[in-house]
Amino acid sequence: MHSDDVVWDTLGNRQFCSYKITTKTQNFCRNEYNLTGLCNRSSCPLANSQYATIKEEKGRCYLYMKTIERAAFPRRLWERVLLSKNYEKALEEIDENLIYWPRFIRHKCKQRFTKITQYLIRIRKLTLKRQRKLVPLRRKIERREKRREEKALIAAQLDNAIEKELLERLKQDTYGDIYNFPIHAFDKALQQQDAESESESDAEKEEEDDEDMDKREFVEADDSDLSDFEDMDKLETSSEEEQEEEEEVEKKTSLSRSKGKNPLKGPARRKRPYIEIEYEEETEPTTKTKAT
Amino acid sequence: GGAAGSAAEDGAPPAPERVLFPPTFSVSEIKNKQRRHFMFLRWKQQQRKEKLAAKKKRRKEREALGDKAPPKAVPKTIENQREYDETTVDPNDEEVAFDEATDEFAPYFNRQTVPKILITTSDRPRGRTVRFCEQLSTVIPNSHVYYRRGLALKRIIPQCIARDFTDLIVINEDRKIPNGLLLSHLPDGPTAHFRMSSVRLRKEIKRKGKEPTEHVPEIILNNFTTRLGHSIGRMFASLFPHDPQFIGRQVATFHNQRDYIFFRFHRYIFKSEKKVGIQELGPRFTLKLRSLQKGTFDSKFGEYEWIHKRREMDTSRRKFHL
């Protein structure tokens, strides 16, 4: 059955062709050697014994040709010619190989070759750009991670941890003189002072006053640095400084006990101990303000 | 019938060690589902009663003994049972201190650089991600959000360095929710890639406060114990300016628990010297470290300091890396 017309009549119109795909508006041909991809009398590779296509393999284009002389030898049916990488040269090669072939096939071959080179160029450009890497999710692992996260959240007790940390920082005086709470550490240190021998005379106190002036500045400068380190970077000396501070300030409180108010830290400290400080009003606004 | 008979037979030869029970049936052998359920509930109640009785008895004994009572047993938690990690940082370690004085964050901690952050997303971000980026930029002071128009990160990074940015944050998005965070310290600093989960925007947080103000927040970094955790902690610390403004009363927390880093942003107020109230503002999210790479973002040729390898690292339930 080598007459093309008979083949076309059978396959194309009447009987079943396994390469044919029909849609509402058009028929397509799935044959790998088809030149245009449509199911036509002139583009069917089965119904034309003289046929040519362009196929692309690994980025190189080949011209495939089939002639009626080799119709009896299916193994040698398709002849393959490698086309040059240069676009114009390849077009010339196509012309050269398909000289004296029907105009339709030559034209369509060149069109197909053009399309193929265009998409090859685009592939090369895209690979240079950013590629999106798709990482598949594994359901079991996602579920496990989610569960572990929930349990970790419960174990973390975030609110408590944050509150504890903030209170720690308040105790260690990183906030300076913004908050006027009578820190109970003062009272503790006071009790300590009272419990110790009361032979600690004023002479000692006076000595330490001068030292206090120096120490005070030294300590406060360090404080502002310390406030920015994370927990682990807190040096051990901070606890010593804290004790020194407590001693200083509790002396203040013991001296100005008469007023019944605890003085502010900071600028108040720099003044001489026996001047009474009247910053009463400042304590009230802070207690009145509510968290917004 | 037969069972009782055999029991009688066995009981005849004296065998004082063998204690014989009448054949009981277990709850799971009842075929009828309703009855089985009922019997199971009854069994559960009984167990609970017995447990309660045992507890009471133990408490009475403890009170009776008074001072001589043995100390209370500490319950085992995963944190207690955590496998000791040899890279745990000792606060007094000189080697670590020296390393930190000379690593990429030293200029920040020496106050030579001021952090300036660039926040961007992956291609074509959806509304949720965009809103999240905006909220994140209100939380982190001195940060700017830029729309990513399909630009390659490798090209963005030199431009950022030229404009004095110190950090780059890229929020990766998948299926309309943000799910990844890439944090890159810019002048050739390390790049950390995190998986982000449970992202809650401000309107989804219950009982939230007002907007975060422009004050520089404080930072809390909890539980970063190992060497790796330490460097990640420093990375987070370097996002925020050095001097927190305490009048703002805002605090940003990065809390590490079992390798999950929880981020929260609160406003606090001290009600007394022993009580503090906190109120959550700001977005919240959870991070899990996937990889830490030396140098800025380069997924092909970068030198990875740490990658999470599931098969090797997830073998033990009590082993954590941060």
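Across the interface of chain A and chain B in this predicted model, 9 residue pairs turn up in polar contact, with both partners at pLDDT 80 or more. On the side of chain A that touches chain B, the elements giving two or more residues are α4 (139-156) and α5 (158-171) of chain A. Helix α4(A) puts in the largest share, with 11 residues. Sorted by kind, the residues on this side of chain A come to 19 nonpolar, 5 polar and 20 charged. In total, 44 residues of chain A are in contact with 54 residues of chain B. The two chains bury about 4400 Å² between them, and 57% of that is on carbon and sulfur atoms.

Charged pairs also show up at this interface. Side chains of opposite charge can pair when their charged atoms come close. Between chain A and chain B the count is 4 salt bridges. In one of them, B:Lys288 meets A:Glu145, with 3.2 Å from N to O. A:Glu142 and B:Arg195 meet in a salt bridge too, at 3.3 Å from N to O. Here A:Glu142 sits in helix α4 of chain A and B:Arg195 in strand β5 (residues 191-200) of chain B, so this pair joins two chains. A:Glu142 is partly exposed, at a relative accessible area of 28%, while B:Arg195 counts as buried at 18%. Put together, A:Glu142, A:Glu145, B:Arg195 and B:Lys288 are linked in a network of salt bridges.

B:Tyr260 gives another look at this part of the model. This tyrosine belongs to strand β8 (residues 260-270) of chain B and is buried, with a relative accessible area of 3%. Setting aside neighbours within four places in sequence, B:Tyr260 is in contact with A:Glu145, A:Arg148, A:Glu149 and A:Ala152 from chain A, as well as B:His255, B:Thr286, B:Leu287 and B:Lys288 from chain B. A polar atom of the B:Tyr260 side chain lies 2.9 Å from the backbone oxygen of A:Glu145. B:Tyr260 and B:Arg195 are 65 residues apart in sequence, yet their C-alpha atoms are 9.7 Å apart in space.

Next come the nonpolar cores. The largest has 42 residues, and those with the most contacts inside it are B:Ile169, B:Ile171, B:Phe194, B:Ile232, B:Phe236, B:Phe254 and B:Ile261. Beyond its neighbours within four places in sequence, B:Ile261 is in contact with residues including B:Phe194, B:Ile232, B:Phe236, B:Phe285 and B:Leu322. Apart from this core lies another, of 24 residues, among them A:Leu35, A:Cys61, A:Leu83 and A:Phe113. Helix α7 (residues 227-237) of chain B is mostly covered, with 9 of its 11 residues buried; B:Ile232 and B:Phe236 are among them.

Salt bridges occur within single chains as well, and the count over all chains is 18. In chain A, A:Lys55 pairs with A:Glu32, their closest N and O atoms being 3.0 Å apart. These two link distant parts of the chain, 23 residues apart: A:Lys55 is in strand β3 (residues 51-57), and A:Glu32 is in the loop between β2 (27-29) and β3. A:Lys55 is buried, at a relative accessible area of 17%. In chain B, B:Glu305 forms a salt bridge with B:Lys294, at 3.2 Å between the closest N and O atoms. B:Glu305 lies in strand β10 (residues 303-307) and B:Lys294 in strand β9 (residues 276-294), so the pair ties together parts that are 11 residues apart in sequence. B:Glu305 counts as partly exposed at 44% relative accessibility, and B:Lys294 is partly exposed at 37%.

Conventions:
Residues are numbered from 1 along each chain as its sequence is written. Chains are lettered from A and ligands numbered from 1 in the order in which they are written. This is a predicted model: local features need pLDDT of at least 70, side-chain atom pairs count only at pLDDT 80 or more; totals for chains, interfaces and linings use all residues. Side-chain values use heavy atoms; hydrogens and water are left out. Contact means heavy atoms within 4.5 Å. Buried area is the accessible area (1.4 Å probe) that two parts lose on being put together, summed over both. A salt bridge is a side-chain nitrogen of Lys or Arg within 4 Å of a carboxyl oxygen of Asp or Glu. A polar contact is a pair of N or O atoms within 3.5 Å; within protein, one must be able to donate a hydrogen and the other to accept it, and residues adjacent in sequence count only if both atoms are side-chain atoms. Helices (H or I, at least four residues) and strands (E, at least two) are DSSP runs, numbered from the N terminus. Ala, Val, Leu, Ile, Met, Phe, Trp, Tyr, Cys and Pro count as nonpolar, Asp, Glu, Lys and Arg as charged, and the others, Gly among them, as polar. A nonpolar core is a set of buried Ala, Val, Leu, Ile, Met, Phe, Trp, Tyr and Cys residues joined through side-chain atoms within 4.5 Å. Buried means under 20% relative accessible area, exposed over 50%, partly exposed in between (1.4 Å probe, protein chains only).
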